Amino acid sequence: MGISWDDVVLIQQGKRPGEPSVVTVNCPDKPGLGCDLCRIILDFGLCITRGDFSTDGRWCYIVLWVVANSNSHEVDWESLKNQLFSVCPSCLVSFYLNQHSESSLRNSIYLLKFICLDRTGLLHDVTEVLTELEFTIQRVKVMTTPDGQVVDLFFITDAMELLHTKKRQDDTCNYLFDALGEYCTGCELKLAGPEYESLQGFSSLPPALAEELFGCVIQDEKSCVEEPIPDTKLKEATITVDNLMSPSHTLLQIQCPDQKGLFYDVLRTSKDCNIQIAYGRFFTSEKGVRNMDLFIQQADGKKIVDPKHQVALCSRLKEEMLHPLRVIISNRGPDAELLVANPVELCGKGRPRVFYDITLVLKALGIRIFSAEIGRHSTSDRQWEIYRFLLDENCELQLASSKARRQIIDRVKRTLLSW
């Protein structure tokens with residue numbers, strides 16, 4: 001019964017370096033499936049250059065052309081196929097029946113605690129190891145002790161679903177010891193306890209800091225003067241709403257600057273707004289400009305004809321496409337603190353690889369991280385994932401100067417969005 005493995009997910013790798021690989025998914029549909037697939041692809045360090053998908057509400061056919069980001073390692077295509085397959089509805093019934101007894105283990109959060117001697121780039125090197133091992137970082141608490149040691153607490157989940165085994169745990173610790181060498185002095189891995197719940201949010205985020213981080217609105221260009229823009233003639237997003245092209249669907253024609261994770265942001269927003277995309281086509285980027293056609297319906301299967309609803313949806317899409325992340329540097333006492341925020345999906349999942357990219361930039365700039373945290377913060381309309389890095393002043397950049405801070409913010413944004 002069911003659909004064979006080879007019919008659900010197909011991956012045709014590019015024959016030459018730089019040539020896109022083609023990912024094809026053919027399976028029963030479910031709400032938000034496109035978003036789930038794009039999140040996994042983004043998590044593997046891949047960019048979607050083109051996309052074509054259609055669904056009748058029961059069955060969908062999706063084709064995505066993908067290429068590796070410049071900062072990514074060699075892609076494990078078999079593992080990518082496994083993860084894409086795991087979110088397809090066609091495998092849910094048999095998967096549930098065969099492995100229901102292990103569901104609590106699959107979704108468990110583990111605490112990885114290790115102690116290291118501090119050095120520049122240490123946190124990124126650890127993050128790189130965890131990424132290669134296919135762990136997802138849920139929360140982080142990093143502290144530097146007065147004697148120069150770093151205590152790292154990583155709360156992680158395992159995409160391979162093997163972290164409950166002793167072999168996987170031992171292999172993880174051994175991998176860290178091998179990668180970090182003499183800098184790593186201790187490693188422990190166990191199921192997370194009550195300490196995870198204590199890191200679920202930030203009770204100490206002051207209102208003034210929250211206003212600075214989230215106060216940049218898309219309608220007020222002056223409030224975003226520090227926002228770096230891709231090197232393209234197109235500086236804004238345009239969305240045309242057409243209810244004449246199709247008798248049963250509203251057509252959205254979108255033109256916007258291209259960036260990493262753009263398709264994920266569009267599909268994430270559609271999923272959160274309960275919008276169903278019956279047919280979509282993402283065209284190849286030309287001169288940094290991306291064009292998209294989306295045939296959509298409301299959850300009740302009707303067109304979007306209410307002008308207020310149209311304006312609200314277009315405004316939300318523009319904001320998510322132009323400002324998918326917030327980045328600031330603020331003063332935390334005498335020190336400088338880097339804060340990065342990205343919206344969390346209604347299902348509770350955050351944007352992939354953000355922590356990886358931020359630590360990569362700080363390592364490249366030669367900036368040590370005194371402490372780091374990942375948590376959640378709620379505003380009036382959504383929940384955000386917040387990354388906080390207390391920066392060590394002992395570096396070549398003068399962190400107190402506005403020029404240095406603008407340079408860090410610019411590098412972080414350009415890395416996160418591949419500008």
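Predicted model: local features only at pLDDT ≥ 70, side-chain atom pairs only at ≥ 80, totals over all residues.
User: What share of the residues counts as buried?
Analyst: 52% of the 419 residues in the protein chain. Buried means under 20% relative accessible area, exposed means over 50%, and partly exposed is in between (1.4 Å probe, protein chains only).

User: How many helices and strands?
Analyst: The protein chain has 13 helices and 16 strands. Both are DSSP runs, numbered from the N terminus: helices are H or I with at least four residues, strands are E with at least two.

User: New topic. How many aromatic pairs?
Analyst: Eight aromatic pairs. Rings of Phe, Tyr and Trp (its six-membered ring) pair if their centres lie within 6.5 Å; planes under 30 degrees apart are stacked, over 60 edge-to-face, and the rest tilted.

User: Are Phe114 and Phe154 stacked or edge-to-face?
Analyst: They are stacked, because the centres are 5.9 Å apart and the planes are at 10°. Phe114 is in strand β5 (residues 110-117) and Phe154 in strand β7 (residues 149-158), 40 residues apart.

User: Buried or exposed, that Phe154?
Analyst: Phe154 is buried, with a relative accessible area of 0%. Phe114 counts as buried too, at 1%.

User: How do the rings of Phe154 and Phe355 sit?
Analyst: Edge-to-face: their centres are 6.2 Å apart and their planes at 85°. Phe355 lies in helix α12 (residues 354-364), so this pair ties together parts 201 residues apart in sequence. Phe355 is buried at 4% relative accessibility.

User: Which residues form the cluster?
Analyst: Phe114, Phe154, Phe355, Tyr387 and Phe389 form one aromatic cluster.

User: Where does the charged end of Arg50 sit?
Analyst: Over the ring of Trp65, 3.8 Å from its centre. The rule: NZ of Lys or CZ of Arg within 6 Å of the ring centre and within 35 degrees of the ring normal. Arg119 lies over the face of Tyr183, 4.9 Å from the ring centre.

Conventions:
Residues numbered from 1 in each chain as written. Heavy atoms only, no water.
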